[in-house]
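Please walk through this structure with me, one step at a time. Keep the sequence and the 3D view side by side.

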Amino acid sequence: MRFAFHGMHLIAILLVGLLAMPGRLASAQVSEAIMAFDSGNQLYRDGQYTEAITAYTRALDLGYTSGVLYFNIGNAYFRLDELGQAIRYYEKSRLLMPESHELLHSLGIARARTVDQFSRVPRPIWVVYWDSFVARTAGRWLFWPGMIVYALVLGLLAFRVRRGSRNPWLRRLLAVSALGALVLLGAAFAASIQAERRHMAVVLAPQSALRDAPTPNAAVALTVHEGLLVEILGNAEPWVEVRLPNGARGWVDAGDLADV
Amino acid sequence: MHHTLAMIRVLPSVPLRSLIAGLALWLVGAAGAHAQTVRVQAFVSESTIGTEEILAYNIQIENASSSDVARPEAPRTEGLTLLQTAPSTQMSTSVINGQLSQSVSFEWRYRPSREGPARIGETAVVVKGQTYRTAPIAVTIIPQSQRPATARRNARTRLIDPFNPPTTTPDDTPPAASIGKDDIFIRVIPSASSVYQSEQIHIEYQLYFREGMQLRQSRLADSWDAEGFWREELDVERRPIPQTVVEKGLRYNTIVLKRVAVFPTRAGTLQIDPLKIEAEAFVPTRSSNPFDQFFSFSPRYEPVVVSSPPITINVEPLPAGAPESFNGAVGTFHIEASVDRQDVEVGEPIQVELRISGTGNIATLEPPLFTPPGVFEQYDPQIRTAINRNGNRINGTKVLTYVLIPRSNGSFQIPQVEMTYFNTARRQYERIQPEAVTVRVTGNASTPVAAMTSAMGLPVDDIAGILPEASDWRPLHRQPLHRNPLVYLALLLPLAGLAALHVYTARTKALAGDERLARNRSAHPLARKHLHGAMTLRSRQDSRGFYQEVERAVRSFIGNRLNVAETGLTYQQLIQALEGNGASPALRKQVLDLIQECDRVRFAPVPPDQAAMNTACDRASQIIVQLNSELTA
């Protein structure tokens, strides 16, 4: 019994360590970032949008971000009539707070001002939810339930080992929880990998030629305009391969884009 | 305006009254007469005459008085015979736009000597010491029968009997026959025959009619059309004053009938319809007979139809690669912007005026794309177009007035607008931008008007305001889950722990199932422990404690090894146990000796010496090693 207790103790210590590690914020730096954010808000209210952006960027330079921060930066760029940057920051914000009404409203207004109004390839509803989840949490929210179920599996196994119990209910519970842990942790890892691989960008140049191949002489399939959100598929300096919202693919000059 | 003040005929038969009047006016206007340049022109009365007609040849010297001009010699001729060597001289004075001008003209008369082409050679005229030469003039002489009746009528009678008014003859010839195609025609002058699409072409229709011919009731015969063109009429004089020009040796009056600027709306070869006019024309007798002039019979007007040639314009499409901001403007343009005030409160309207001026298709051009910053509410512009039709080209100004209402404070560059036009002179697209003005909006964005917000309280046509609080702070760069080594450690370490637990549990269970095995395994270490304790006591000079530990070491080893309770064993029981488990008799004696020695020393009054204690310890060790090898259990 004493040894089993030691095993559980070790797991508990590890879990606490994991919990503490990613979420820990150095409080002094955060408060500095919040101060920069507040001063940016004040400058925005005074109509000094360029200065407001400088203040907001200071918060980012401190290594912290927030969906609201990105949203306010997008607003400032919108007021400065820099549509591409505005949409870029709105999209960044959307990754962190996809349900915000203010954000969705402003993004809609900004999008309505863009030249390109592509139809969007319809996606199954579960793909939409999954992508939103991936963008927001990168799998972290699945990892913790997964770890809890995993800990349950370990506890049951330890009980079984120590007691040598052959209780069929214990075996069933063990099978179910092991499956649950596998699914949850697998999904968490899949989401994390997908989040890392996902690359979106916004066209910042007033207009940019979408070419069939990564050469300056390649035929221009169509012209895309400022504010268009594209997915980056590949890279061949100085060209990047992109996919438009309507599914069309082509190459554009990397200098015309900025990542989301 | 042009006012003919007087016309003086210096001829023997001229009435004295008009001579005096003319002289007086001539004197009045003489002062400014020398300012303009001298122009010498030669012309004839007809380019085609019958064999029985008289040809008048004129040399007109403009901007010179009779005193300046030496009387020229009659020119050399071919096929014409001079009727009198001394030319008739004519002086005229006129005031044009307040400027007085004089002219002198000389007239010779010729009679054809044969049919066929005739020629009047060049004439040298000396004006103020300078010699001017006129161009030679070709004349065609045809049989009199081919000439119209009126001409024939005027010809011989006047020549033979100048004082007799000509008798009227029955008007049996068609009236139009007396007016030749050289007598009246329309000349069309396009500014270009090959242009770009939307490029301006200026077309002028000039009516030429022989000097002396009078026209009345002239009107456009057909509707003039130019398919494929946008047309802008240019102004012409409502009451045109004919200009006198010499064309192919004949003197004509010209007036501008129509001026129009056309802008081709498509590429290709486009046709512009001829301009056709109908009028009634009167050709006076070309006679110097004063009786004809004073007692002329009622003028006879004849209907004429004159048409200009059609013109063909070759239109090229505009070159490819027009920038986005090209709004169809072709020509030369200029754009300006102004704002009615630069400091406003939130909610107060400002007026932004875009003024596009230039030469070209100003009427048809689209307003440039103007999108003010998002805080501004924008209303449809008011557009005023002013076109100047006086010049040779259509030019004008288009003024677009936008009303903007700021909904938030800030300072803005207004207007950020761009326009591109095609410069026809440089054959390239040119981008123009008005200079932007900084507009400062002060005051607080008031709560949005109810009508302007959606159900969720968000503005209808503007972005939502900034959010004041951020609660979701997070590190900018988070290590992804699958790249965190601690994650893998957290997953694998408990598994390893579980495996270790499994092994350990299995072993403890084995131990619990066999106590002998457990005691056996602990016999040796226990003995070592007691011996170690004994050595410690020896170094402390505690001889009793030492011997007690030595005895315990031996006894506990045996007890554990044989799985018996060692403490309560008598010497006899101990030896029997050893014997039962295969210990040799010598070893049994050694064990008994050591234990008895230990008991003896523990209760002896004198402490043992150091050497005895050393041997006791060594012996105990040897006994344990030997027991370990000899005992079977």
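Predicted model: local features only at pLDDT ≥ 70, side-chain atom pairs only at ≥ 80, totals over all residues.

Phi of Asp81(A) is near 70°, a positive value in a residue other than glycine. Most residues other than glycine have a negative phi. Asp81(A) sits in the loop between H4 and helix H5 (83–96) of chain A.

Now turn to the peptide bonds. Most peptide bonds are trans. In chain A, the bond from Glu237(A) to Pro238(A) is cis, with omega near -5°. Pro238(A) falls in the loop between strand E5 (229–236) and strand E6 (239–243) of chain A. In chain B, Ile414(B) and Pro415(B) are joined by a cis bond, and omega is about -10°. Pro415(B) belongs to the loop between strand E30 (410–414) and strand E31 (419–423) of chain B.

Next, follow one helix of chain A from end to end. Helix H8 (residues 140–163) of chain A has 24 residues. From first C-alpha to last, H8(A) reaches 34 Å, close to the 34 Å expected at 1.5 Å a residue. Which residues of H8(A) are buried? They are Leu142(A), Phe143(A), Gly146(A), Met147(A), Val149(A), Tyr150(A), Val153(A), Leu154(A), Leu157(A), Ala158(A) and Val161(A). After H8(A) comes Gly164(A), with a positive phi near 65°.

The two chains meet. Their contact takes 59 residues from chain A and 42 residues from chain B. On the side of chain A that touches chain B, several elements each supply at least two residues, among them helix H2 (27–45), helix H3 (49–61), H8 and helix H9 (168–197). H1(A) gives the largest share of that side, eleven residues. By class, the side of chain A that touches chain B has 36 nonpolar, 16 polar and seven charged residues.

Chain B as a whole comes next. It holds nine helices and 34 strands. Of its 633 residues, 30% count as buried. Among contacts in chain B with a separation of 6 or more, 74% join residues 24 or more positions apart.

Finally, look at one helix pair in chain B. Two packed helices are described by the angle between their axes and the distance between the axes. The axes of helix H7 (residues 571–580) of chain B and helix H8 (residues 585–603) of chain B come within 10 Å and cross at roughly 155°. H7(B) is therefore roughly antiparallel to H8(B), since angles over 145 degrees count as such. Their crossing is right-handed. Which residues meet there? From H7(B) come Tyr571(B), Ile575(B), Leu578(B) and Glu579(B), and from H8(B) come Arg588(B), Val591(B), Leu592(B) and Ile595(B). The contact of H7(B) with H8(B) has six nonpolar, no polar and two charged residues.

Technical notes:
Residues numbered from 1 in each chain as written. Chains lettered and ligands numbered in written order. Axes fitted to C-alpha atoms, helices over the stretch in contact; angles between N-to-C directions. Helix = DSSP H or I, 4+ residues; strand = E, 2+ residues; numbered from the N terminus. Parallel < 35°, antiparallel > 145°, perpendicular 65-115°, else oblique. Left-handed = near helix turned anticlockwise from the far one by under 90°. Contact = placed C-beta atoms within 7 Å. Nonpolar A, V, L, I, M, F, W, Y, C, P; charged D, E, K, R; others polar. Expected span 1.5 Å × (residues − 1). Buried ≥ 20, exposed ≤ 12 C-beta atoms within 10 Å, placed from the backbone.
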